[in-house]
Amino acid sequence: MGNQMGTTTLHRRDVMRAVIESSRSTGDRVAPWAGLAGLAEHFDGEDDLLVEMHREWLRVLVGRLHRGEVVAQRTPANVRDLYDEMCAAHPTLRGILDAHELNPALWEPTEREHALLARIAGLAPEGTPAENAAALGRSLVKQRIPVQRSTLR
């Protein structure tokens with residue numbers, strides 16, 4: 001990894017952490033970056049920051065879903081439980097993203113996230129069009145569709 005990129009990535013992560021910390025302490029989920037130093041220097045505005053925050057969310061989520069395994073096939077109930085677990089573990093990050101879900105900058109990354117969740121949950125087999133997979137993943141995590149739960153817990 002080139003040093004230039006590494007430094008930039010680190011600075012962006014520092015700013016992102018400062019934003020999350022600001023949001024956590026103030027309760028502001030809408031503009032916790034207001035007045036924080038380094039934002040203009042490392043991000044091309046609010047949309048760029050939000051996309052980076054979504055990338056961080058996905059990193060955390062995928063890390064939890066895989067836990068070192070190659071993409072394991074999971075049940076819808078299992079994927080939803082893990083998703084809920086990560087929402088609970090990262091309430092500030094998730095809260096900021098939720099507060100901005102109508103921002104067009106987040107539409108495509110969120111759609112990709114939902115399609116990924118549907119595939120991991122086995123709801124969208126190989127060849128399912130991306131928008132169908134995204135709709136299935138979105139209903140899995142948002143609308144609480146009933147899922148078969150094994151009685152063996």
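**View 1. W57 and Y83, two buried residues.** W57 and Y83 are both buried in this predicted model. Their rings make up the one aromatic pair counted here. The ring centres sit 5.7 Å apart with the planes at 85°, so this is an edge-to-face pair. W57 belongs to helix α3 (residues 46-66) and Y83 to helix α4 (residues 76-89), so the pair ties together parts that lie 26 residues apart in sequence.

**View 2. R94 over the ring of W57.** Stay with W57 and look for R94: its charged end sits over the W57 ring. The distance from that charged end to the ring centre is 4.8 Å.

**View 3. The largest nonpolar core, with M53 and W57 picked out.** This core has 28 residues, and M53 and W57 are the ones that touch the most other members. Which elements give two or more residues to it? They are α1 (3-26), α3, α4, α5 (91-99), α6 (104-120) and α7 (130-143). Helix α3 gives the most, with seven residues.

Note on methods:
Residues are numbered from 1 along each chain as its sequence is written. This is a predicted model: local features need pLDDT of at least 70, side-chain atom pairs count only at pLDDT 80 or more; totals for chains, interfaces and linings use all residues. Side-chain values use heavy atoms; hydrogens and water are left out. Rings of Phe, Tyr and Trp (its six-membered ring) pair if their centres lie within 6.5 Å; planes under 30 degrees apart count as stacked, over 60 as edge-to-face and the rest as tilted. Helices (H or I, at least four residues) and strands (E, at least two) are DSSP runs, numbered from the N terminus. Buried means under 20% relative accessible area, exposed over 50%, partly exposed in between (1.4 Å probe, protein chains only). A charge sits over a ring if NZ of Lys or CZ of Arg is within 6 Å of the ring centre and within 35 degrees of the ring normal. A nonpolar core is a set of buried Ala, Val, Leu, Ile, Met, Phe, Trp, Tyr and Cys residues joined through side-chain atoms within 4.5 Å.
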